[in-house]
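Colleague: I am new to this one. Please show it to me, and then let me ask how you know what you say.

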Amino acid sequence: AAELGRYVSTTGATAATAAGIGHYVSVTGASIATAAPLGRFVAVTGASVATLAGPGYYVNTVGASAQISATPGYYVSTSGATTQTAAPEGYFVNGFAAAAATPSSFSYIMGQLASTAEPLINDGAAGSSLPSLALDNKTIRIIGNLTSARSLDIDATDINVNPGISATLSGNVSGPGSLVKSGSGLLNLTGNVSIAGDLIASQGVLQVDTNLANRVIVSSGGALQGSGQINTLVNRGTVSIGGAPGSIRVTGNYSSEPNSTLIINATPSAVPLFQIDGQAVLAGNLSYNLASGGYSTTNRYTVLQANGGIVGDLNLLPISTAGYTIANRIDSNSISFELTYRDLSSIATTPNNFAISSMLDQVKLTATGDLASVVNTISSLSSEDADLIFGRLTANQILGYAWSEQQKYDLVTRTVANRLNSYSYSNQLNGVKDDEINGWVVLQGMGARNSSPYLPSEQSVSGNGITVGADYKTNNELGYDLLGISFSAINSNIGIKDGGSFAGTTHILQGYGKKQIHDYSFDYSLSYGLGDAKQTRRINLINSSRAASSNISNNGLDIFTRLSKHFSMGNSSELRPYVGVGYRTVNIEDYKETGSQSLNLAVNSIKASAKTYQVGLKYGYSTNWKGYLLKPSADFSVRGQVASKDVMVQQSFIDGSGSVAMPGNMGSYKYPSVTLSLDAISAKNLSMNIMLRSDKQSDFWIWGTQLGIKYRW
């Protein structure tokens with residue numbers, strides 16, 4: 001029987017013959033040797049089977065005894081091809097034994113193509129056994145995650161990393177030129193870098209975990225991070241210090257340009273230090289990325305140290321860490337910061353608000369994302385605005401009662417001329433509308449007023465009244481809008497010293513509103529008053545025994561607008577200047593006069609108009625005292641009126657002898673007004689208000705006191 005790999009040429013041959021090179025016998029004792037099929041080869045003389053050529057290899061003759069790898073720049077399109085093909089113009093192959101030519105503007109591709117199972121250059125598998133690439137004026141495009149130990153010889157070379165890709169080059173990078181990192185992916189250099197030119201982070205993230213003796217330039221679209229050392233660093237984009245990549249150290253000088261950003265990534269247990277052995281020339285922004293947690297509010301953290309000194313300044317960007325405010329300090333050779341924390345529950349004025357703020361206090365140290373932004377934003381607001389936010393997140397009802405007394409002091413007679421008391425009751429419901437931030441406030445109020453006699457008793461005054469109203473309020477990101485309406489009916493009876501009297505009712509309909517946008521508030525109101533009175537008086541000029549009575553109509557329109565600006569002065573005080581203008585008209589008609597004799601039926605009328613104004617400044621402060629939030633405030637303003645010169649008074653004589661038209665006016669004046677107020681707000685369910693007010697008007701000083709109590713749940 002023929003030995004394996006040998007054959008007999010004729011049936012019954014006396015000896016077996018070895019198969020020729022590139023031929024094989026398929027069974028022992030074959031009578032003839034068979035040539036390998038196209039694209040196959042036999043590796044040894046006398047093989048019993050033909051072998052398929054490996055991917056990217058070919059056999060150049062039928063029945064070849066070995067496979068041959070494709071020449072660089074050529075490819076084979078199928079496994080076991082018998083020939084290699086040169087890549088078309090504009091195409092390339094990524095190394096030896098490529099399976100196909102690939103179109104690209106790049107010189108080389110490294111990584112794994114997602115659309116094929118064959119790696120173009122799988123440096124992660126090949127490791128340091130791959131030959132060095134000479135990349136003068138060429139581009140490497142990294143399209144897949146990889147770690148490569150391949151050495152690179154560069155000169156004006158661009159390494160482009162695809163979006164979402166992370167590539168680590170641990171081999172030697174050398175050459176006479178520069179290296180540009182482009183593409184939005186991450187390139188990490190961990191090997192020896194000894195290039196003569198600059199290392200430029202043009203796009204994406206460049207991570208340096210090695211020591212560089214040359215200059216690194218971070219362009220406006222690039223970012224730098226890592227734990228290595230850099231000789232000279234120029235920041236025109238973003239440099240990130242701390243966190244998982246570590247902290248860069250600059251052994252020479254550091255400079256940053258106006259649109260650059262230096263990011264400090266810190267945790268409560270690890271606050272990084274950006275060490276600069278030379279000089280730091282600073283411009284641009286400084287951003288603290290502080291992870292949630294419990295930071296010390298007594299320590300000052302140093303984040304940059306420049307042994308050669310600091311020139312310039314950095315703009316501090318807002319922090320996003322919940323509940324903290326930051327104070328940054330730049331000294332002659334260092335940058336440091338310290339944190340302060342605000343207890344939100346101390347701001348709350350209702351039980352529901354207290355519950356919400358206490359919950360935020362509990363989660364402030366671990367809050368992330370949107371919740372961290374909310375807590376931090378509330379912490380930066382004034383106490384009044386922060387409590388308003390709590391109210392938007394809750395629902396509560398308020399019952400209120402207020403009492404006030406006003407006195408009028410005559411500067412001429414130096415006596416108290418009048419005392420006026422008033423009372424009011426209110427019922428307020430605050431709520432949240434559906435699932436939105438918008439909410440509504442409904443006010444239902446009722447009030448009463450009572451006047452005591454003048455002192456001294458030149459004439460007596462008595463009366464009462466009632467006021468009802470309602471408000472509608474909507475909240476938004478910029479502030480809130482308020483619309484309201486109220487109606488008052490006031491009865492009065494005035495006794496005159498000569499025995500006459502006035503009795504009547506005045507009705508006042510008022511519409512008002514407020515528009516708040518950020519720190520600006522725009523108030524407006526429109527009031528219309530209509531009064532009817534019955535006047536009885538003695539006609540002493542003619543006959544002391546006769547008396548006359550008349551019906552008086554009094555109506556007027558008052559329009560007023562006011563603009564104010566809120567300035568926060570730290571966490572506990574605020575300043576609010578304001579200015580207002582208005583217009584008012586008055587029409588009074590004594591349209592009929594009767595007595596024992598009908599002496600005068602002519603109309604006595606007064607028609608007048610005036611422009612009004614107000615300029616003022618309000619200062620408010622808040623502090624905690626024995627469980628109460630105390631909010632004292634002082635409001636000083638100057639009010640004035642400029643009367644129209646077109647006012648006419650049509651007056652008829654009481655004895656009926658004639659009438660005369662004469663010019664007149666409502667009066668022009670200006671007077672100061674001072675209001676002092678104190679709110680005491682319990683975190684439980686009770687709040688109190690005390691207000692003192694003083695106005696100077698012509699020959700009178702008017703002052704008043706108000707006490708209000710509100711119960712909330």
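Modeller: Strands E27 (residues 222-226) and E30 (residues 238-242) run parallel and are joined by two bridges. This is a predicted model, where local features need pLDDT of at least 70, side-chain atom pairs count only at pLDDT 80 or more, and totals for chains, interfaces and linings use all residues. Residues are numbered from 1 along each chain as its sequence is written, and side-chain values use heavy atoms, with hydrogens and water left out.

Colleague: What makes E27 and E30 a pair?

Modeller: Two strands pair if DSSP finds at least two bridges between them. E27 and E30 have two bridges, so they pair. Leu 224 stands opposite Val 239 in E30. Strands (E, at least two residues) and helices (H or I, at least four) are DSSP runs, numbered from the N terminus.

Colleague: Which sheet has the order that includes E27-E30?

Modeller: An open sheet of nine strands, in the order E16-E19-E22-E25-E27-E30-E33-E36-E39, with parallel pairing.

Colleague: Why are E16 and E39 said to stand at the edges?

Modeller: Strand E16 (146-148) and strand E39 (315-316) each have a single partner strand, so one side of each lacks a neighbour in the sheet.

Colleague: What is the pairing in the sheet of six strands?

Modeller: Mixed, in the order E28-E31-E34-E37-E41-E40; this sheet is open. Its edges are strand E28 (229-230) and strand E40 (324-330), because each has a single partner strand. E37 and E41 pair in the antiparallel sense over four bridges. Tyr 301 stands opposite Phe 337 in E41.

Colleague: Why is Asp 198 with Arg 215 called a salt bridge?

Modeller: The term asks for a side-chain nitrogen of Lys or Arg within 4 Å of a carboxyl oxygen of Asp or Glu. Here the closest N and O atoms are 2.7 Å apart, so the pair qualifies. The two residues are 17 residues apart: Asp 198 lies in the loop between strand E23 (193-195) and strand E24 (199-201), and Arg 215 in strand E26 (residues 215-218). By this rule the count comes to eight salt bridges.

Colleague: How do you know that Asp 198 is partly exposed?

Modeller: Buried means under 20% relative accessible area, exposed over 50%, and partly exposed in between (1.4 Å probe, protein chains only). Asp 198 has 22%, so it falls in between. Arg 215, at 36%, is partly exposed too.

Colleague: What makes a nonpolar core?

Modeller: Buried Ala, Val, Leu, Ile, Met, Phe, Trp, Tyr and Cys residues joined through side-chain atoms within 4.5 Å. The largest has 54 residues; Leu 233, Leu 262 and Tyr 288 have the most contacts inside it. E37 gives the most to this core, with four residues. Apart from it lies another core of eight residues, among them Leu 344, Ile 347, Val 375 and Phe 390.

Colleague: Why are the buried residues of H3 said to line one face?

Modeller: In helix H3 (residues 369-379), the buried residues include Ala 372, Val 375 and Ile 378. Seen down the axis, the buried residues of H3 fall within an arc of 165°, so they line one face. That arc is taken from the directions from the helix axis to the C-beta atoms.
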